[in-house]
Amino acid sequence: MREVYCVGIGITSFTRLEYPLAEIAAYPGMMALKDSGLSKVDHVYVANMGGGKVNHQTGLASAVVDQLSLAPAGAETIENGPASGASAVKQGFMAVASGMCDTVMVIGAERMREVNDLESTEFVATLTHPHAEYIYGVTLPSLAGMFARLYMDKYGATPRHLGMVAVKNHDHAMDNFFAHLHERITLEGIIDSPEASTNNPIVADPLRFYDCCPVSDGAACVILASGDAAKKTGKPRVRLAGVGQATDTLAVHDRKDPTDLLAARGAAANAFKMAGLKPSQVDVAELHDAFTILEIAESEEVGFFKKGEGHLALEKGETRLGGSLPINPSGGLKAKGHPVGATGVGQAHEIVLQLRGEAEKRQVKGAKVGFTCNFGGFGNNVVCLAFKKEG
Amino acid sequence: MPTRLAKKKEEALMGVDVEKILRPVDSPMPPFPPKFVTLASGDPMVIRQIDRPEVPEILPHVHRLMAVERDYYDVVAARAMGELLAYYYHRVQDEYVLVAQINGELAAVVNGRLLNRDVGMSYHTISLRRGMRVGAHAFAAKMEYHIDIMKQKEVLIVAESPIGFRRWMIEYKLEKRFHIPHELGGPPSWSLTKEIFDRARGTLVVGRRPVPDKLLAKAKAAILPPSDPPKPPVDLLAATRARYDSTATAVMAQGWALERRNK
């Protein structure tokens, strides 16, 4: 298997974008081409979840290749729920590692704000079990709420810990030009004050408004290249060293212990094994905090902290910028935003930026190893990526 | 833009004091006791009533929003400007204006008037600080003024923006009064009754009194300009362009690509 490097990156603001989906997708592609110095690539993978349903556009990759005039490069649209982004990175990795391609452009793009919040929540809920969950009105917030309640009962985390994740990630996003929410929040404002329950109402008990990510539009791009092709670009050598994927039961109630995120655990283990790394070597991570509880739970499942101790590490400030293992320096899904199909690529973008040392005010000093966890479904299909700075 | 009451020449030439005829007589209205709310940011936001002398301080900030073609800020600001000027010049009857301030900065303006002793007419809610329910808290204070302070039975409301519709009609579950045209352009009215208001106490309607002296003094000392007011929509990919593409290379690259394709 050949080694695979990240040679170009680009991103749009994660916000409400008044552009056609294909243009939103193409823009970071142009940025990444400029960043890499390349003018063409062998193949383009475009991750997108809702084009067909929300934007009435299928076959997005064909439109993006045309928009970027990259024909006759091969092109495919990748749909794997909220893990579409990292799945597309995985496809790009396989294409380069196998020797089939020398350069691959991976784009993740979504335009969710074309419909209202209720419709977008309903659309995302279509990834649940159609007969056991969806028809009974299950949504992702409701699953996350039940998960949070179980987790809190079992491990002693409290709503205050959930609030700490939100406060931390909102703080981080203040330094991210491209983040959806530039809004500093405090525990006093969302938990402690007499007005907190109005500022931060219950969405799906025990999850409150500030425990949930916003609905965002946006796109991100990473260009992957073989070792030889990467050398020619002269870009800092950031290697996509490990890719791991694992699945779990579609319906959450089929799991022996629903607080065990076995797909996240397996995907992370696979990624670390391929990369020859250990969780303790990670300097910076982007975890899939669509709901605050997920950052805590994932931080344990991927091996950063012992099971049931993620909230304690959070409490000590270990996961903050400046802590021993900063998690979601970009603001995470919670504050950077969550354009579902773009999220996994956006996470990779942030890690490449960090390992290059180009993350400016939110730079994790001396970061050499980065990690992402892109959580699909409600933990039924997870893709993890491990990155390593070389040289 | 006028910032003080102008004395017009023709007025001086009139044989009678026409101002007395033009100026409606306001009904006695109890003052709105100031309150404060802690926002999600942890900042206390003071909501208080202003009288005519303070109106010129807020006019420039509302005026700027007339250029914001987003979420109907333009039409709301244009209409609110008219209402504020009418209030200032005594050309509307029984109007009041409340402002919300965060660290002295203007965060929201809400206004309304009495239709009669029992019924209030809600005018506008303008948030000059987006997010954190700033506008929603200010609207709740306005309803509190009508229902609790002025003891009215109901307030007639319309929304001019989808966010307003969500905040008022949906969150409060307002009743229909579609047979009554609202003063803001004549659309069918919705009603917030005392019963609806009572239901919203402690959830949508929050805040504390009295406002700590220091906090109130700061708010009253000056209405400072909003530091992050709503801005006209821009090219939302501009953030990307500005950061990575100051030379517009990406845009040119698109042109080059098109040239290549056309060859």
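A residue counts as buried here if 20 or more other C-beta atoms lie within 10 Å of its own, with C-beta atoms placed from the backbone. With that in hand, let us take a tour of this predicted model. By this test, buried residues make up 39% of the 263 residues in chain B. For chain A, the share is 63% of 391 residues.

**The two chains side by side**

In chain B, the figure is 66%.

**The nonpolar core and chain A**

In soluble globular proteins, nonpolar side chains tend to be buried together. Here the largest nonpolar core has 204 residues, and those with the most contacts inside it include A:V46, A:V64 and A:I107. Helix α1 (residues 21–36) of chain A gives the most to this core, with 10 residues.

Which residues does A:I107 touch, leaving aside its neighbours within four places in sequence? Its contacts include A:A25, A:P28, A:V46, A:V64, A:C221 and A:V345.

A:V64 brings us to helix α3 (residues 60–67) of chain A, where A:L60, A:A61, A:A63, A:V64 and A:V65 are buried. Among the elements that cover the buried residues of α3(A) are α1, β2 (43–47) and β4 (103–111) of chain A. Just after α3(A), A:S69 takes a positive phi of about 55°.

**The sheet of chain B**

Now find the strands of chain B. Eight of them form an open sheet with mixed pairing, in the order β1-β2-β3-β4-β5-β6-β8-β7. At the edges are β1 and β7 (175–181) of chain B, each of which pairs on one side only. On average, neighbouring strands of this sheet are turned by 30° against each other, direction ignored.

Start at the β1 end. Strand β1 (residues 35–38) of chain B pairs with β2(B) in the antiparallel sense over four bridges, and B:F36 stands opposite B:V46 in β2(B). The hairpin of β1(B) and β2(B) has five residues between the strands, and in it B:G42 takes a positive phi near 95°.

Is strand β2 (residues 44–50) of chain B largely enclosed or largely open? Six of its seven residues are buried, so β2(B) is largely enclosed by the rest of the structure. On its way across the sheet, β2(B) also pairs with strand β3 (residues 95–102) of chain B, in the antiparallel sense over six bridges. There, B:M45 has B:I102 in β3(B) as its bridge partner.

Next, β3(B) runs antiparallel to strand β4 (residues 105–114) of chain B, joined by eight bridges, and B:E95 stands opposite B:R113 in β4(B). Helix α4 (residues 73–88) of chain B packs on the sheet and touches β3, β4 and β5 (119–127) of chain B, its direction making about 120° with that of β5(B). Helix α8 (residues 213–221) of chain B packs on the sheet too, touching β1, β2 and β3 of chain B; its direction makes about 55° with that of β2(B).

Definitions and conventions:
Residues numbered from 1 in each chain as written. Chains lettered and ligands numbered in written order. Predicted model: local features only at pLDDT ≥ 70, side-chain atom pairs only at ≥ 80, totals over all residues. Buried ≥ 20, exposed ≤ 12 C-beta atoms within 10 Å, placed from the backbone. Helix = DSSP H or I, 4+ residues; strand = E, 2+ residues; numbered from the N terminus. Pairing = 2+ DSSP bridges. Core = buried A, V, L, I, M, F, W, Y, C linked by C-beta atoms within 7 Å. Contact = placed C-beta atoms within 7 Å. Axes fitted to C-alpha atoms, helices over the stretch in contact; angles between N-to-C directions.
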